[in-house]
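The points are grouped by topic.

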Number of protein chains: 2
Amino acid sequence: MHDASAILLQLFTVFVAAQIGAEIAQRLRLPGVVGEIAAGAAIGPAALGWVHPGEALDVLAEIGVVLLLFSVGLETRLEDLKRVGRSAFLVGVLGVIVPFVLGTLWAHSAGFPWHKSLFVAAAFVATSAGITARVLQELGALQRTESRVILGAAVIDDILAMLLLGVVVALQGGEQLRLGPLLVVLGEAVAFIGVIGWLGTRVMRRRSDWLDKPINPLSPLSIVLAMCLGLAFLSTRFGLAAIIGAFLAGMIASESGQRHQLEQQTRPLLALLTPFFFVITGTKVDVSVFASPAALSMLAIVTGIALISKLAGGFLGALALGRRGALIVGVGMVPRGEVGVVIASLGLSAGVFSDQTYAVIVAMSLLTAMVTPPVLALLLRRPTDEGVAG
Amino acid sequence: MHDASAILLQLFTVFVAAQIGAEIAQRLRLPGVVGEIAAGAAIGPAALGWVHPGEALDVLAEIGVVLLLFSVGLETRLEDLKRVGRSAFLVGVLGVIVPFVLGTLWAHSAGFPWHKSLFVAAAFVATSAGITARVLQELGALQRTESRVILGAAVIDDILAMLLLGVVVALQGGEQLRLGPLLVVLGEAVAFIGVIGWLGTRVMRRRSDWLDKPINPLSPLSIVLAMCLGLAFLSTRFGLAAIIGAFLAGMIASESGQRHQLEQQTRPLLALLTPFFFVITGTKVDVSVFASPAALSMLAIVTGIALISKLAGGFLGALALGRRGALIVGVGMVPRGEVGVVIASLGLSAGVFSDQTYAVIVAMSLLTAMVTPPVLALLLRRPTDEGVAG
């Protein structure tokens, strides 16, 4: 029972920090998620040092973000996503190409050889859907066209980022790039999403009564949670982020007759678990970056490129929504969050990045995550005056 | 994202195994918890080997049982506990003394020297409230007098077991036993429970409106969950089990005006997390014990003594409830579950137990946990024909 004491203290500290952070942020009219990430930075190893994330906290964080995207999926119908398919596709593709090209050019000009530049640029690419999804949910904006475009684009973004990372990692080893296997990976991922999404929603629409068959009175919830964990796992097997599978699971569950009950029951799960995700994300901030002027100026440039390139890609892709809508979509695609952190870790362990480059890319990922929510909230709170065509 | 894949598969496996196990058990008219433990034994390292509990799963299990006892506390009023105080106290005390004395005598007769016999006997003592609480909750029996006696006795049992373990561990080192420090430990534990329970419920009864003050619409839940984690941690600091603090937190929250809403919101949390506790408990079963005839006969004797001694202690303590009520209480106190496992681990790492003794004690703990639920369910389902006086 000795370890239990230490871990309970960590859980308590993280959870309370999240509540305090979110409350302060909301009183300042900022999204709560900003306060949770800031609270994480404050109690993390780089500042107060009260919390040192280990396996257990990381797993809780992962469950938290998986449940968050599941609940976002619960509020999303496949039909609605299809309607914005073209815009979502364009946003996804341009939102990957523009940051990747600009990132490569900057990295090369900063002295990296070409193959390393591509790796650096890969860290510019992948949008972290968790942060934007949370802001959209907090503001009750998930039913807006822009939100659907963002969510659809996030799925496409994740597929492309996965492919790109595969290519870039292969190039580091000096391997010959072969198109065949790449196309297979792409095909598998698209097929996974397509088949699960299409078949799952169809089956659920017709036969959701079996969710009530088991004796357990909460069985609809238990079954869809099992599906959520299962699809989250499967999507990692196809090289995608776990949250893509969780989002699909939520979207399938949203076709069931028990949809509203499930939405109701998911809320307490989010209240307990999502704070772990955002606080733990915050704890990964390494303030040492801000100590060296060289690193700081590199951080400013990198963050600037990351912001502008993603914003531009998203904006251009979503122009069909009008300029204001396109701006919302562009801003919504900006956060890199934990995805950037993961790619930076890969680069560090592969020996491609120095410690400083690693720290800068992690800081950039988290800065984009911190900057987005207030801007997005501001844009969404003001009444829209332009069209909402898909 | 690579580790995420492995851990998601473990989460999925544990969760689905729990659902299937519980469903099969309930179709056989057994409590669901039996199926969850059996499912754990089936998928654990000793059998199929699909799941190997590590830190992350252990923490999820801990959160699961903490939330379970929190929810049991939510359905328990301090007033009701007070009313059965005398019976609960007697059950707690006799339920510790009888198993400890019989356990010591058996261990000595089996060849252990006296100081080691006391350690073995300590593993006979501590009741695991989780399993009984789950059965009582499943059957909707938490409002019965017997249930209140069991819950009150579990708190007293935990205090005494903690003291006893402290004494026994000290004796292994050949230390002189000093009464002063022991009384301080006892005093602190009693004071912790008394002050938190008394003050907490009083404050909550008068001022539960502040739970709605924060902006977060789910803040009553978030605040009481923070209290639950905090008190669970604090109770480990006083040498008590985490679930005692969680139970207190639930009891305090049950005095709030938001009580029904909190009960509602806790259910999805239990649906997600308690299966981890019971399945992980099941994975600790080591079937190797059943391979050696010597170990098997030792297991039979140890389990027999553990069952009868606890039953007798509980029965004698609760005679004021009539014979049937006393029987229910006695049976409800039988499970050792994870507490026996923890003490056995202590004994193993302290070099007091051999591997075989360790395996036997773990198996005994889990057998008592498996045997209790069906018997308890049988006793509770038949209509009571005797009095319910406290």
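What is the mean pLDDT of chain A, and what share of its residues reach 70 or more? The model is predicted, and the mean pLDDT of chain A is 88, with 96% of its residues at 70 or more. The two chains, A and B, are related by a rotation of 180 degrees.

**Confidence**

- The model scores are ipTM 0.87 and pTM 0.89.
- Over residues 385-390 of chain A, pLDDT stays under 50. For this stretch the model has 16 contacts beyond four places in sequence.
- Where pLDDT is low, predicted coordinates should not be read in detail.

**Fold of chain A**

- Chain A contains 16 helices and 0 strands.
- A compact globule of 390 residues would have a radius of gyration near 21 Å, and the 20 Å of chain A agrees with that.
- The C-alpha trace of chain A spans about 60 × 55 × 45 Å along its principal axes.
- Of the 390 residues in chain A, 58% are buried.
- Among contacts in chain A with a separation of 6 or more, 80% are between residues 24 or more positions apart.

**Helix H3**

- Helix H3 of chain A covers residues 55-74, which is 20 residues. From its first C-alpha to its last, H3(A) reaches 28 Å, close to the 28 Å expected at 1.5 Å a residue.
- H3(A) is largely enclosed by the rest of the structure, because 18 of its 20 residues are buried.

**Symmetry**

- Chain B superposes on chain A through a rotation of 180 degrees with 0.0 Å of shift along the axis, at an RMSD of 0.0 Å. That is the relation of a two-fold axis.
- In chain B, the C-alpha nearest the axis belongs to B:Ala56, 2.1 Å from it.

**Contact between the chains**

- Chain B contributes 43 residues to the contact, and chain A contributes 43 residues.
- On the side of chain B that touches chain A, at least two residues each come from helix H1 (2-27), helix H3 (55-74), helix H10 (219-237) and helix H12 (259-283).
- H1(B) provides the largest share of that side, 14 residues.
- The residues on the side of chain B that touches chain A comprise 28 nonpolar, 9 polar and 6 charged.
- The copies meet through the same surface, because 100% of the interface residues of chain B are also interface residues in chain A.

Note on methods. Residues are numbered from 1 along each chain as its sequence is written. Chains are lettered from A and ligands numbered from 1 in the order in which they are written. This is a predicted model: local features need pLDDT of at least 70, side-chain atom pairs count only at pLDDT 80 or more; totals for chains, interfaces and linings use all residues. Helices (H or I, at least four residues) and strands (E, at least two) are DSSP runs, numbered from the N terminus. The expected span of a helix is 1.5 Å times one less than its number of residues. A residue is buried if 20 or more other C-beta atoms lie within 10 Å of its own, exposed if 12 or fewer, and partly exposed in between; C-beta atoms are placed from the backbone. Copies are superposed by least squares on the C-alpha atoms of residues with pLDDT of at least 70 in both. Two residues are in contact if their C-beta atoms, placed from the backbone, lie within 7 Å. Ala, Val, Leu, Ile, Met, Phe, Trp, Tyr, Cys and Pro count as nonpolar, Asp, Glu, Lys and Arg as charged, and the others, Gly among them, as polar. The radius of gyration is taken over C-alpha atoms; the globule rule is 2.2 Å times the number of residues to the power 0.38. pLDDT is the predictor's confidence in each residue, from 0 to 100.
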